[in-house]
Amino acid sequence: MDHGGHGMTMDLPPFTLGRGLAFSAEPYFLTGCVLALVLYGWGVLRLRRRGDAWPLGRAVGFTLGVLTVALVMCTGLNEYGMVLFSVHMVQHMVISMLSPILMLLGAPVTLALRALPAAGRGRTGPRELLVRLLHSRYLRVVTHPAFTIPLFIASLYGLYFTPLFDFLMGSAAGHRLMMVHFLVVGLVFFWPIMGVDPGPHRPGYVLRMLELFAGMPFHAFFGIALMMATEPLIGTYAHPPESLGVTALGDQNAAGGIAWAFSEIPSVVVLVALVFQWYVSEERRARATDRAADRDGDKELAAYNAYLASLQARGR
């Protein structure tokens, strides 16, 4: 393995699905994934022990989200992603656009607020710190569309088309930091749009859809730019190992196709989730309106009966 200006060069056999999915422990991401699942499971068990329910679908969504992170970071995909642009792009797309959506559908913030014990009057514990963070000016800024959309776009063009990408890919620590950045950016971008957990910004469903579609086209344009390029654009992947049997330009075109195609998948998933949330919200509102109408109708009926009773009393 060579840590150089063009990233890491490895003598790897040609990529196959079996080799790509073979377990390859990346200690930091493996620890983070296990810790996330343990903490989420603790929260669910704490609710169950006190008799509160937690939707199974949320637990499944969060678990799948964490497992997708482990899939691209704790398998052979992580090793091949250091020398193949196409495999790296799979990692990027999954960890920035699929994993955050699934994790957010699990409502981890809501679970934490319900599971963490209150510290008591005048004291500050983990729950109080979380509530304070949710109401902080910092979180209002970093979750505002004026911040999240440019950050989402800059994570593509400002990283891949500048020397910063080659610099980060020059070491395992830089690559790891980049992947953490992709995950955090995805979480920050999709959090206000998904609307499952409480947050500083909760726009209406139409505005959420507009936020979603404001960022997605830039992913498609990025993929098209890679596919249309006539020479390698990324120094890290300009000289793939001969053992892999690929050319730099062919690998780059494949990476562009992955980025272009993958931009549609999260859009569909989030759109379906938003439509479902909208439908549930309208159903709840309709039921509340019906209950209010029933109460008003009962009052009117009682008043009318009282009026009839008074007329009958006068007649007698």
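Start at Cys74. The closest cysteine sulfur to its own is in Cys33, 5.3 Å away, and that is too far for a bond. A disulfide here means a pair of cysteine sulfur atoms within 2.5 Å. In general, a disulfide is a covalent bond between the sulfur atoms of two cysteines. Searching the whole structure turns up zero disulfides.

A word on the source. This is a predicted model: local features need pLDDT of at least 70, side-chain atom pairs count only at pLDDT 80 or more, and totals for chains, interfaces and linings use all residues. Residues are numbered from 1 along each chain as its sequence is written, and side-chain values use heavy atoms, with hydrogens and water left out.

Buried or exposed, then: what is Cys74? Cys74 is buried, at 2% relative accessibility. Cys33 is buried too, at 9%. The cut-offs: buried is under 20% relative accessible area, exposed is over 50%, and partly exposed lies in between, with a 1.4 Å probe and protein chains only.

Next, salt bridges. How many does the structure hold? Two. The term means a side-chain nitrogen of Lys or Arg within 4 Å of a carboxyl oxygen of Asp or Glu.

One pairs Glu26 with Arg176, with the closest N and O atoms 2.6 Å apart. This pair links distant parts of the chain, 150 residues apart. Glu26 is buried, at 9% relative accessible area.

The other pairs Asp52 with Arg50, at 2.7 Å between the closest N and O atoms. Asp52 is partly exposed, at 28%. Arg50 is partly exposed as well, at 44%.

Definitions and conventions: Helix = DSSP H or I, 4+ residues; strand = E, 2+ residues; numbered from the N terminus.
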